[in-house]
Amino acid sequence: MLLFKFFIVIGMITMGTLAVEAADTEMKMVDKNCWIEVFDDTKYDDKDPHLILQGPKDYASLKDLQGKDWNNEIESVIVGPGATVRAYKERDFQGTEIAFASGQRVPKLSSLDMSNDIESMKIACDVSPPTTTSAITPNP
Ligand SMILES: [Ca+2]
Ligand SMILES: [Ca+2]
Ligand SMILES: [Ca+2]
């Protein structure tokens, strides 16, 4: 039974990766750098529930994210390189607010007094994504 659950988790991770890639080719509007990954446990423990939230998007509540109530559950986060996130202790963007910078990783939200307390989030995408093509200026 445990082994079975293990394979389910592996399958979900694999499907998640494929889904992100498929979405990237189908929808050019999706910013593949604009996301936040949230974890039920500390230190990005992928054996416990974890979820990538694609931005830009505002979540007034985390009550039903892919079938799970994430209110007051998040204990660690990884922010995508093209996202900035504001998180709130109460739903509807109320209560104490905290800002996460692009690429920020927080292994223990208790260090920010936000452990098992976040109930709403705003995910914003950087206006200009990192440029990787700088050497294609044609010479006259
Ligand atoms: Ca754990
Ligand atoms: Ca938790
Ligand atoms: Ca709360």
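These are my notebook entries on a predicted model of a single protein chain.

**Entry 1: ground rules**

I work from a predicted model, in which local features need pLDDT of at least 70 and side-chain atom pairs count only at pLDDT 80 or more, while totals for chains, interfaces and linings use all residues. Residues are numbered from 1 along each chain as its sequence is written, and chains are lettered from A and ligands numbered from 1 in the order in which they are written.

**Entry 2: elements**

I listed the elements of the protein chain and found one helix and eight strands. Helices (H or I, at least four residues) and strands (E, at least two) are taken as DSSP runs and numbered from the N terminus. Read from the N terminus on, the order is α-β-β-β-β-β-β-β-β.

I then looked up burial. A residue counts as buried if 20 or more other C-beta atoms lie within 10 Å of its own, as exposed if 12 or fewer do, and as partly exposed in between, with C-beta atoms placed from the backbone. Of the 140 residues in the protein chain, 25% are buried.

For contacts I required that the C-beta atoms of two residues, placed from the backbone, lie within 7 Å. Among contacts between residues at least 6 apart in sequence, 66% join residues at least 24 apart.

**Entry 3: sheet 2-1-4-7**

I traced an open sheet of four strands in the order 2-1-4-7, with antiparallel pairing. Two strands pair if DSSP finds at least two bridges between them. The edges are strand 2 (50-54) and strand 7 (105-106), each of which pairs on one side only.

Strand 1 (residues 35-39) is joined to strand 2 by five bridges in the antiparallel sense. I noted two opposite positions here: Trp35 faces Gln54 in strand 2, and Val38 faces Leu51 in strand 2. Strand 1 also runs antiparallel to strand 4, with four bridges between them; Phe39 stands opposite Ser76 in strand 4.

I checked the burial of strand 1 as well. Four of its five residues are buried, so strand 1 is largely enclosed by the rest of the structure.

**Entry 4: sheet 3-8-5-6**

I found another open sheet of four strands, in the order 3-8-5-6, again with antiparallel pairing. Strand 3 (57-59) and strand 6 each have a single partner strand, so one side of each is left without a neighbour in the sheet. Neighbouring strands of this sheet are turned by 15° against each other on average, direction ignored; the axes are lines fitted to C-alpha atoms (for helices over the stretch in contact), and angles run from 0 to 180 degrees between N-to-C directions.

Strand 3 pairs with strand 8 over three bridges. Strand 5 and strand 6 make a hairpin with three residues between them, and Asp92 in the turn has a positive phi of about 55°.

**Entry 5: Lys122**

I picked Lys122, which lies in strand 8. Asp58 stands opposite Lys122, and Lys122 is also the bridge partner of Arg86. The C-alpha atoms of Lys122 and Arg86 are separated by 5.1 Å, although the two are 36 residues apart along the chain.

Beyond four places in sequence, Lys122 touches Asp58, Val85, Arg86 and Phe93. Lys122 is partly exposed because 18 other C-beta atoms lie within 10 Å.

**Entry 6: nonpolar core**

I took a nonpolar core as a set of buried Ala, Val, Leu, Ile, Met, Phe, Trp, Tyr and Cys residues joined through C-beta atoms within 7 Å. The largest one has 24 residues, and Ile36, Val77, Ala83 and Val85 have the most contacts inside it. At least two residues of this core come from each of strand 1, strand 4 (76-79), strand 5 and strand 8.

Leaving out residues up to four places away in sequence, Val85 touches Ile36, Val79, Phe100, Met121, Lys122 and Ile123.

I looked up a cis peptide bond between Gly55 and Pro56, with omega about -5°. Pro56 is in the loop between strand 2 and strand 3.

Gln66 is not a glycine but has a positive phi of about 50°. I placed Gln66 in the loop between strand 3 and strand 4, and it is exposed, with 10 other C-beta atoms within 10 Å.

Phe93, also not a glycine, has a positive phi of about 60°. I placed Phe93 in the loop between strand 5 and strand 6, and it counts as partly exposed, with 16 C-beta neighbours inside 10 Å.
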